[in-house]
Amino acid sequence: GVFFFSVGASIDLGAIFAEPLVYIGAAAALVVVKACVILGVGRLFRIARRPVLETALLLGPGGEFAFVVAGVSLAAGIVDARMGQIAVTAASLSMAAIPLLDRLARWGTAKLTPPDQAAPEEPPPQEDTPRVLVVGYGRVGRLVGDMLKEHQIPYLSVDGDAKIVSEARKAGRPVYFGDASHIEYLRLCDIAHAPAVVVTMDNPKAVDAVVGAIRAERPEVVIVARARDERHARHLYEIGVSEAVPETIEASLQLSEATLIGLGIPIGRVLASVHQHRDDFRAQFQRIERSERVGAARNRYLERLRAGKKT
């Protein structure tokens, strides 16, 4: 902090106002030259255009090392005082422009470059055997799929990340690219005959959208959803999931299980205790959710009574 404060104090604002084209032009040239070099290197290594463009604009400005180089150059007599002042000021102005360059990078990647990998939604092949639908094939989705395969339960998985889908398909997994929040795509996945749906995504809003779409199409199907925390679990029960699994509670239970087994407690007693606590948490969430609905209904009834008295 002191370093940047001292650098800022050394900038001659009067010189900038006296020769704005010189200083602003030097800052712009610094950004343009560095950005062009980064773009060239990125394309040389065949990095996709979108990340290369964004990286070039964000790394184009100068850094704190420029101040060190300018100071050493001045002390060694390599550059004169005017050139040193221009270099320090140009680096400072370019760094001050980073928020603007960030906006420009976002706009550029969205408007100026087409997507490098535009994968259309891919409907799974139709089969006569009902399959469990696993929405999301990240770390959790892969484990769920492996468990279903181990117990010889047919399943298919849907993910919105083309890279994840490509890697999973190379490994021979039944994973397809698509958006499970769209009812039309769910129908292509044969949601009408799915015995259960497992929603494993870690984005609460995305989980809510998928659960809502599935419940609209299949009110009776079993839905097991991953929850971020206890509050999200209560919300998922409210919108109709059959089972919500909060990450925080499951991690705590697993830690407790490993600790107790490590201390020599018989594994049967440990597993029974873990299952009991899991059931208690589930009942608590469902009870809170029901009480909140009852409370909301009571409040609406009281408001109607008060409105009737006023009229």
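# Exercises on a predicted model

In the protein, 62% of the contacts between residues at least 6 apart in sequence join residues at least 24 apart. Contact means heavy atoms within 4.5 Å.

This is a predicted model: local features need pLDDT of at least 70, side-chain atom pairs count only at pLDDT 80 or more, and totals for chains, interfaces and linings use all residues. Residues are numbered from 1 along each chain as its sequence is written, and side-chain values use heavy atoms, with hydrogens and water left out.

**Exercise 1.** State how many helices and strands the protein has.

Solution. Start with the rule: helices (H or I, at least four residues) and strands (E, at least two) are DSSP runs, numbered from the N terminus. Then count: 14 helices and 6 strands.

**Exercise 2.** Describe the surface and the buried share of the protein.

Solution. Take the surface. The protein exposes about 19100 Å² (Shrake-Rupley method, 1.4 Å probe; for residues, only the protein chains shown count as cover). Carbon and sulfur atoms supply 62% of that area. Next, the buried share: 30% of the 311 residues count as buried. Buried means under 20% relative accessible area, exposed over 50%, partly exposed in between (1.4 Å probe, protein chains only).

**Exercise 3.** Locate R46, give its phi, and decide: buried or exposed?

Solution. R46 sits in the loop between α3 (20-44) and α4 (49-59). Its phi is near 60°, a positive value in a residue other than glycine. R46 has 78% relative accessibility, so it counts as exposed.
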